[in-house]
Each structure stands twice: as structure tokens, then as C-alpha cells.
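Please look over the sequence and the model first.

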Amino acid sequence: MNKIVHFVSALLFSISTFSQKDGFWDKERATTKEITLSAGKRALIKTEDLPVGTTEFVYRITVLDENQKLTSSLVSVLKAIPDPSGISQGTAGAIHLTSAISGDDKCTFALFQEANAANLFLKEGKTDRACWEQKEKVNKDAKLISSSSLCLTNLPNLWFGFESQNWVMNQKIVLEVVPWVDYKASRGWDKITKNEILNLAKKLPVVSKLTKKDAFYAAFIENISKKYTYREYAQLLAVEKNSAIEKLTEESLKGTGEVKAYYDIIREKSNAAFQKGNYEEAISIISTEMFAKNRATYLDYRILGDYYLYSKQFTKAEETYNKGLKLNPSEIHFQLSLAHVYLFIDRISEAKDIHKKYAHESLSNGKTWIAQTKSDFKEFEKHRLPTDNFKKILRILE
């Protein structure tokens with residue numbers, strides 16, 4: 001006997017030392033229930049709800065004579081076993097999981113995941129819909145049920161159905177169930193919940209502009225599952241969820257190198273307002289979404305400067321163009337825009353100097369300086385900006 005004890009102790013120490021703790025025995029949500037079952041009768045015990053992330057569970061069933069009691073609980077036994085792998089280690093598992101005491105009474109039992117199947121067993125003794133069945137008559141039993149079992153496909157529900165094999169006497173049955181909760185699985189991101197996020201990602205407006213859609217989907221799912229458990233995500237208010245999706249969309253696109261597509265949607269939205277003549281709305285969109293959130297590039301300074309220019313906020317336009325020019329000094333489109341501003345605030349000589357300097361240059365959009373100037377003047381006329389000094393500039397260019 002001493003040899004067995006030493007062997008068990010050494011084995012448990014080895015398991016505790018070398019096994020990776022990827023989860024924990026959830027002793028707080030363990031089930032310990034005792035029933036008295038009449039001879040030849042059946043009974044059901046519904047376990048405590050198995051928590052999200054349950055990948056295995058251990059059950060122990062002990063059939064006792066009327067006045068017997070368990071010498072130790074299953075929870076206390078599992079304190080010595082760091083993870084489910086230790087349960088299947090032969091002698092150690094057998095000694096530590098089965099009861100040290102049991103009576104002469106015996107029963108059979110089955111496990112069910114659905115209430116209807118469990119109730120059918122209670123009424124008619126049918127076990128064809130059981131996820132696990134012990135057909136042999138036993139007075140004690142213990143087993144690890146792993147994730148490969150059907151018994152873990154419908155969390156959190158689980159019923160044990162017992163049938164007494166006594167002819168005359170009542171029997172006392174003690175059921176103990178302790179779930180093993182995997183840390184990663186406990187976050188609630190399984191195939192079903194990830195598909196929910198995937199379907200959400202596919203509906204985002206930016207997706208139509210992406211060339212690396214699958215990479216974005218993968219990054220989006222990963223970023224959401226890292227930041228939230230599924231339960232946390234599901235409980236967000238609509239406004240909180242929208243904010244979270246926006247931030248995680250941008251983060252995911254940065255990771256895949258296609259964040260410009262997301263920013264272009266914002267620019268298109270502001271431009272749509274601008275084209276309708278809603279200048280302040282256009283300014284608000286680009287200011288709030290690009291500048292206030294530190295997303296702006298030199299291109300956005302050009303866009304915002306144009307909005308100020310067309311809305312006759314010339315001082316703000318000049319200030320914005322100059323900031324953009326500092327970001328990208330080689331972008332001479334800023335020089336042309338500044339020349340336009342000077343034209344409208346009667347700084348004609350400064351406008352002429354710029355035109356003389358760059359008249360024979362081409363812009364980054366492929367147009368010549370002269371062609372772009374003439375095109376801009378036509379747009380200014382449409383938007384009813386003052387045209388008094390246009391001829392002075394055109395004479396220089398011709």
C-alpha cells in the first residue's frame with residue numbers, strides 16, 4: 001500500500017511541475033447533489049450550468065448505503081491534479097477519482113444534453129439520445145469527459161439520469177461534477193461567435209475597396225477577440241459597439257496596410273456634402289474624422305483648405321494650406337492654392353510672383369500649372385467667388 005501511495009504522490013508532483021496550466025478547475029461552479037432513489041425507480045439531476053470555456057469535466061458517482069457518507073469530495077481530490085491530463089494517468093487517476101467508500105447498492109445511468117431527451121428517459125427509460133451511458137450496474141464510477149464528446153456540444157446544459165438496480169431497498173446516490181475551464185475558450189470565441197463577427201466585417205463599407213479582404217477579416221476577428229470576451233462584446237450598448245467597431249476596423253486596416261481605403265471613405269463623405277453646397281458639414285466631417293483623430297495627411301490639408309476657400313474663409317484657408325506645405329514642401333499644388341487665396345484678399349503681387357515661378361511646372365495630378373489654374377478659375381465662377389483679378393493672372397500665364 002505504501003508503494004502505491006508513494007507512486008501516486010510522485011506522479012502527481014510530476015504532473016503539477018511539468019503540465020502547462022491553460023485553464024482551471026472551476027470549483028465555484030461545481031455540482032454536488034445527493035438524492036435518495038427508490039428501488040427500481042428513475043431520477044434526473046440537472047448539473048449547475050457548465051461555464052463558457054468548459055472543454056472537459058470530471059464526474060464522480062457514488063452509490064451509498066443508507067448511513068454511509070463520502071470520505072472526501074471530488075473538489076478536494078482535484079486540488080492535487082493541475083489539469084485534465086493528470087486524470088488519465090492510469091493508477092493515479094483511478095485511485096484519486098473513485099470514492100474510497102461505496103455501498104452494495106448499484107445503478108445504471110446516462111448523460112443528456114437536452115431536457116426532452118432527459119425527460120424521455122425519466123418516463124420511459126430510453127437512452128438512445130444520451131451523449132454518454134453506463135449500461136453496467138455500478139456502485140461507483142468516475143470519468144473525464146473531454147471536448148470530443150457530444151456531452152459538451154450544448155453548453156451550459158447537462159442532465160444525469162439514474163435508474164436504481166435495487167429490488168427492494170432505497171439507495172443514496174451522490175453526484176459530483178467539476179468542469180475544467182480553458183482560459184482561451186472561456187472568452188467565448190468559438191466558431192459560431194467568430195462567424196458572427198465575420199458576417200459583421202463583410203458588411204462594413206470599406207470592404208468593397210480592399211484588395212486583401214481575407215487578411216482584413218482575420219485581423220478584425222483577432223482584434224475584437226483580444227479586446228473583449230464575447231459576453232463583454234454582446235453587452236455593449238449600440239453606441240459603444242459602433243465606436244469599438246470603428247476603432248478596431250482602423251486598427252485592423254493598419255495591420256493589413258490598407259487603412260487609406262478607410263480614410264478615403266471619410267473623404268468621399270465630406271466631398272459629397274461639399275458638392276451639395278453644404279460647406280460647413282463638409283468641414284465638420286473632415287475636421288472631426290481626420291484631424292481630431294490624428295488621421296490627417298498632407299492631402300487632407302489640401303481638402304480642408306479648399307473647403308475654407310470655397311466658403312470664403314480665406315484666412316483659415318491660407319493657414320491650412322501653409323500647414324500642408326510644411327508637411328510636404330514638394331507638393332506645389334499648395335503653392336497654387338495659396339496664389340488663389342492671395343488673389344481673393346487683394347495680395348495680387350504675391351499671387352503673381354507664385355504664378356511666374358511655377359507657370360511651367362506640372363502638378364502631381366498630371367495637369368500643367370496653367371491648365372489647373374484655368375480649371376480652378378472656372379470652378380470659382382460656378383461657386384460665385386470674385387473673378388475681378390482672374391484676367392491679371394491669365395495674362396501672366398499666356
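Is Arg267 buried or exposed at 9% relative accessibility? Arg267 counts as buried, where buried means under 20% relative accessible area, exposed over 50% and partly exposed in between, with a 1.4 Å probe and protein chains only.

This is a predicted model, in which local features need pLDDT of at least 70 and side-chain atom pairs count only at pLDDT 80 or more, while totals for chains, interfaces and linings use all residues. Residues are numbered from 1 along each chain as its sequence is written, and side-chain values use heavy atoms, leaving out hydrogens and water.

**Salt bridges**

Side chains of opposite charge can pair when their charged atoms come close. The structure holds 20 salt bridges, each being a side-chain nitrogen of Lys or Arg within 4 Å of a carboxyl oxygen of Asp or Glu. Three of them are listed here.

| Pair | Closest N and O atoms |
|---|---|
| Glu250 and Lys254 | 3.8 Å |
| Asp264 and Arg267 | 2.8 Å |
| Arg347 and Glu350 | 2.8 Å |

Asp264, the partner of Arg267, is buried too, with a relative accessible area of 19%. The two residues lie 3 apart in helix H9 (residues 259-275), so about one helical turn separates them. Helices here are DSSP runs of H or I with at least four residues, and strands are runs of E with at least two, numbered from the N terminus.

Glu250 and Lys254 are 4 residues apart in helix H8 (residues 238-256), again about one helical turn. Glu250 is buried at 10% relative accessibility, whereas Lys254 is exposed at 52%. Both belong to a network of salt bridges that also links Glu246, Glu289, Lys293 and Arg295.

In the remaining pair of the table, Arg347 is partly exposed at 26%, and Glu350 is partly exposed at 33%.

**Helices H13 and H15**

Helix H13 (residues 333-344) packs against helix H15 (residues 369-382) at an angle of about 45°, with the axes 11 Å apart. Axes are lines fitted to C-alpha atoms, for helices over the stretch in contact, and angles run from 0 to 180 degrees between N-to-C directions. H13 is therefore oblique to H15; angles under 35 degrees count as roughly parallel, over 145 as roughly antiparallel, 65 to 115 as roughly perpendicular and the rest as oblique.

Residues of H13 in the contact (heavy atoms within 4.5 Å) include Leu336, His340 and Phe344, and those of H15 include Trp369, Asp376 and Phe380.
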